Amino acid sequence: MATILAIESSCDDTAAAVVDAPGFVRSSVVSSQLVHARYGGVVPEIASRAHQRMIVPVVQAALDNADAKLEDLDAVAVTYGPGLAGSLLVGLTFAKGLAVARSLPIIGVNHLEGHLLSVYADGVTPRLPALTLIVSGGHTELVKTESGLVHTVLGRTRDDAAGEAIDKFSKLMGLGFPGGPVVDKLAAAGNRDFYRFPRAELDGLDFSFSGIKTSALYYLKKIPVDERQAFFDDHVQDLSASFLEAIVDMLSTQLIKALDLGSYASVCLVGGVSANVRLRDRIANICGTRGLDFYIPKPEYRTDNAAMVGIAAAQRLLLKQTDSLELTIDPSARLA
Ligand code: KG4
Ligand code: ZN
């Protein structure tokens, strides 16, 4: 059985994992950079420096937790894109150094394929064809997977990602960064019909979240400054529920359209926003009425992690798809 050390450093999480092919996760360590919270978003220069500081201890912890040594490894896997250039470079350069030092094959993994395969951890194999909704802070994509590593992107966001829109709403409301978890929690006790934020209606299967972001800004700005704090205090739950409802409506409308246009055995919901309770309930419901299997990753594999990179790499290794040491980063890499 091949053992892979996987590294992920595409944004603001430094992560490493030890994965046995075809996808058994022996360890998964994530160091999240909390420093960005005070800026209300990820600062690229700070992120790459933090990766440099953390990459060695995180890799060491992943090896220790798996009770593995460098000599036990059969391959090293690393995210090559999409992501922040300076952040990707830290992981890729480290992985190359290790590959040279230990004469190991290197496998470059697309971050989005990692998210796609995050549901496959520990032997889970969704029935195919599968329709996957990737929803994170940086991406919103609908992907059809027909077999193994063959994916077709059916739709993607034309502007902001769903998680990004939620994070911006959170910032406007003074709820901190990242906003998803707190907005999710507040929404649970709020009135979804308190305010109807606009839903972008696009032909085809693409998404757009910039309109709802602007509309939230104008809506909140209309409230006189001296009344704003009291209004937020009284209605933060209602506004969170109303905002999330619009996001969930837009995501599920396109998902239903894609289901109507194709033939699927299962639906997968992956990426950081897959933790959202309302979104999960809605999609579980859609799958229930259509007799489709529904998969979401285990909690630890929803947000960025290296286990998903190791799982994708394991699939590639089985097909003998390794890369040369000329592998480079591709900050704007696409899935297909
Ligand atoms: O997958 P991820 O870690 O990063 C990217 O690859 O972008 O996703 C992070 C995103 C953030 O926007 C965060 O606010 C959102 O996932 N998020 C949530 C929840 N938990 C995290 N959004 C809605 N509800 C949640 N419970
Ligand atoms: Zn991600």
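1. Strands, at least two residues long, and helices, at least four, are DSSP runs numbered from the N terminus. Keep that in mind for Phe 24, which sits in strand E3 (residues 24-32). One more point before going on: this is a predicted model.

2. How exposed is Phe 24? Its relative accessible area is 39%, so Phe 24 is partly exposed. Now look at Ala 121. Phe 24 and Ala 121 are 97 residues apart in sequence. In space, their C-alpha atoms are 6.2 Å apart.

3. Next, the metal. Which residues are the protein donors of the zinc ion (ligand 2)? They are His 111 and His 115, each through NE2, and Asp 304 through OD. These donors lie 2.1 Å from the zinc ion. Along the chain, the donor residues follow the spacing H-x3-H-x188-D. His 115 belongs to helix H3 (residues 111-117). Asp 304 belongs to the loop between strand E10 (293-295) and helix H9 (307-318). The pair therefore ties together parts that are 189 residues apart in sequence. Both His 115 and Asp 304 are buried.

4. For comparison, ideal angles for four tetrahedral donors are 109.5 degrees.

5. Now ligand 1. How many residues surround ligand 1? There are 21, and the closest are Gly 137, Gly 138, Asp 167, Gly 180 and Asp 184. The shell divides into five nonpolar, twelve polar and four charged residues.

6. At Gly 137, a backbone N or O atom lies 2.8 Å from an oxygen atom of ligand 1. At Asp 184, a polar side-chain atom lies 2.8 Å from a nitrogen atom of the ligand. At His 111, a polar side-chain atom lies 3.5 Å from an oxygen atom of ligand 1. His 111 is also a donor of the zinc ion.

7. How much of ligand 1 does the protein cover? On its own, ligand 1 has 560 Å² of accessible area, and the protein covers 89% of that. His 115, a zinc donor, lies in H3.

8. Turn to Val 135, in strand E6 (residues 130-135). Is Val 135 buried or exposed? Its relative accessible area is 0%, so Val 135 is buried. Val 135 and His 115 are 20 residues apart in sequence. Their C-alpha atoms are 9.3 Å apart in space.

9. Check the backbone too. Most peptide bonds are trans, and most residues other than glycine have a negative phi. Where are the cis bonds to look at? One joins Gly 81 and Pro 82, with omega about -5°. Pro 82 is in the loop between strand E4 (75-81) and helix H2 (85-102). Another runs from Leu 128 to Pro 129, with omega near 0°. Pro 129 is in the loop between H3 and E6.

10. Positive phi values come next. Asp 67 is not a glycine, yet its phi is positive, about 60°. Asp 67 lies in the loop between helix H1 (44-65) and E4. With a relative accessible area of 69%, Asp 67 is exposed. Ser 103 is not a glycine either, and its phi is positive, about 50°. Ser 103 lies in the loop between H2 and strand E5 (106-110). Its relative accessible area is 66%, so Ser 103 is exposed.

11. Finally, helix H7 (residues 225-261) holds Gln 229. Met 250 is in helix H7 as well. Which is buried and which is exposed? Gln 229 is exposed, at a relative accessible area of 53%. Met 250 is buried, at 6%. Gln 229 and Met 173 are 56 residues apart along the chain, with C-alpha atoms separated by 9.4 Å. Met 250 and Val 150 are 100 residues apart in sequence and 26 Å apart in space, C-alpha to C-alpha.

Terms used. Residues numbered from 1 in each chain as written. Chains lettered and ligands numbered in written order. Predicted model: local features only at pLDDT ≥ 70, side-chain atom pairs only at ≥ 80, totals over all residues. Heavy atoms only, no water. Donors = N, O, S within 2.8 Å, 3.2 Å for Na, K, Ca; no water. Buried < 20%, exposed > 50% of the residue type's maximum accessible area, 1.4 Å probe, protein only. Near = heavy atom within 4 Å. Polar contact = N/O pair within 3.5 Å; in protein donor to acceptor, adjacent residues only side chain to side chain. Areas by Shrake-Rupley, 256 points an atom, 1.4 Å probe, with all protein chains shown as cover. Nonpolar A, V, L, I, M, F, W, Y, C, P; charged D, E, K, R; others polar.
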